[in-house]
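Hi,

Here is the structure I promised to hand over. Please have a look first; my notes follow below it.

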Amino acid sequence: MLLATLLSLSATLPIDFDDHFTGKTLRFDYHHSGNATEEHIALDRYRLEGPWAGSRIRPVDDTNLGKYLFTVIDPSTNRTLYSRGFASIYGEWETTGEAREVWRTFHESQRFPEPRHPVQLTLRKRGHDGLFHEIYATRLDPTSRFVDRSQVRSPGELHTVLESGDPALKVDLLVVGEGYTRDQRSKFQADVARLTGVLFQTEPFARRKDDFNVRGLHLPSEQAGISNPRQGTWRASPLGLSFNAFDSDRYVLTYANQDLREACAQAPYDALILLFNDRKYGGGGIFNLWSTCAADSEPAPYLFVHEFGHSFAGLADEYYTSQVSYDDFNPDGVEPWEPNVTALLDPAHLKWAQDLDAETPLPTPWNQAAYDEASYEYQERRAEYRARGASEEAMEELFREVKETTQPMLEAEPYFGRVGAFEGAGYRAKGLFRPEVDCIMFTRNPTSFCRVCSRGIERVIDRYTR
Ligand SMILES: [Zn+2]
């Protein structure tokens, strides 16, 4: 009894960072393979990087975000020394139609403070019950000759955008340039300054600016721009970023994870944004992986902030009228893990109850029929523009028109600016609900996040700084 009490007490005590970790960063590289019904993890290698930039006070992730959870366990005490929730390209891909037909593999990395002693590494996946279930475990001796300790190469040039203090106590944001030639270094620096400037004018990032360090990494490309397979454009850019991920025209990802990790290993970082030098609108964002954003399209400021909402804070898309490649992203009757979308299975215990305005009915009424009519009509026109290869200017004109139509419509809603549960979110018109009628995660209209998204972002900032 006494022993059990002591053990449970020790499990709640904070971990003394220096007892367990050297202060450097270790990277676990692996292949994540499978299809719609099975998945496998295979070790690639262990790699030593530079100083650990993450928290030394809160190495264990208590946010319960992510489709997956990575943990580092001390086998002698069974205590979790480090953990981090995340989402992945694999986790999205397995919900697409392609996963029912073929197997694929994706390279992934987990970065964690280098342990002093042997540890157990585990990967867990969230089930439909909302709980994490182990899919992989391995033992690592960090002092073994299987850890690559060779010097990290520096293929690019780093510059400081914002310096607020010790990386261990700040969010270290690294913006990596893709598709910028050697001569375009100053353009890259100007793009980073312009877009991070927008980020720090947007709440809640504006009031938390002092919690961030921002650096830029210029990786020179032979040619400007990135690959665009639908137009037959191919670029041998350093990170292999490309339009048309999952055959979705404006979804931009890279599968060259190891090249990316090696290039970034020279800088301390907690969060990555891959900013690419292209006129065409497009991007993407995956929680605790990275976000991507086209630098030169008219809505780039919106996109930079929206995609960072995904990758930094695990926010879900609140929209549902756009075409996406996922068949089964949010299955029926399953509560999404993202903080800003709910299936409203238990209205009495709504996950954003603390932000709920009193006397706001649940679900909260709004004129969804009128919004949908306008929005679906616009989606049809957008598909038509895409089919005939319309110019970016024409597309941006269409975006402006949508804003002029939908912004007054949403602002006229009786519950505009109030927190409730509005039906239509997470790629589903029915059965999923968002916290406010409008938000940066819903449309391109607002210049701030809804109250629930803001809280979600601040909670993640705290994880790195408190
Ligand atoms: Zn929101």
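Start with helix α5, residues 257-264. Helix α5 lies across β1 and β5. Its direction is at about 25° to that of β5. Keep in mind that this is a predicted model.

Those two strands belong to an open sheet of four. The order is β5-β1-β2-β8, and the pairing is mixed. The edges are β5 (104-115) and β8 (147-148). Each has a single partner strand, so one side of each lacks a neighbour in the sheet. Inside the sheet, β1 (residues 21-34) pairs with β2 (residues 39-51). That pairing is antiparallel and runs over 10 bridges. Look at R27 there: R47 in β2 stands opposite.

There is another open four-stranded sheet, ordered β4-β3-β6-β7. Here the pairing is antiparallel. β4 (79-86) and β7 (132-140) are the edge strands; each has a single partner, so one side of each is without a neighbour in the sheet. On average, neighbouring strands of this sheet are turned by 20° against each other, direction ignored. Strand β3 (residues 68-74) and strand β6 (residues 119-126) pair in the antiparallel sense, with six bridges. T71 faces T122 in β6 across that pairing.

Now the whole chain. The protein has nine helices and 16 strands. Its C-alpha trace spans about 60 × 60 × 50 Å along the principal axes. The radius of gyration is 22 Å. A compact globule of 466 residues would be near 23 Å, so the two agree.

The chain is divided into three parts: domain 1 (16-148), domain 2 (157-315) and domain 3 (319-441). How far apart are the C-alpha centres of domain 2 and domain 3? They lie 26 Å apart. Contacts between these two domains involve 15 residues of domain 2 and 12 residues of domain 3. On the domain 2 side, the touching residues split into five nonpolar, five polar and five charged.

Last, confidence. The chain averages a pLDDT of 94, and 97% of the residues score at least 70. Watch residues 3-11, where the pLDDT is below 50. Beyond near neighbours in sequence, that stretch has one contact in the model. Where pLDDT is low, predicted coordinates should not be read in detail.

Over to you.

Best wishes

Definitions and conventions
Residues numbered from 1 in each chain as written. Predicted model: local features only at pLDDT ≥ 70, side-chain atom pairs only at ≥ 80, totals over all residues. Pairing = 2+ DSSP bridges. Axes fitted to C-alpha atoms, helices over the stretch in contact; angles between N-to-C directions. pLDDT = per-residue confidence, 0-100. Contact = placed C-beta atoms within 7 Å. Domains from an automatic or database assignment. Nonpolar A, V, L, I, M, F, W, Y, C, P; charged D, E, K, R; others polar. Rg over C-alpha atoms; globule rule 2.2 N^0.38 Å.
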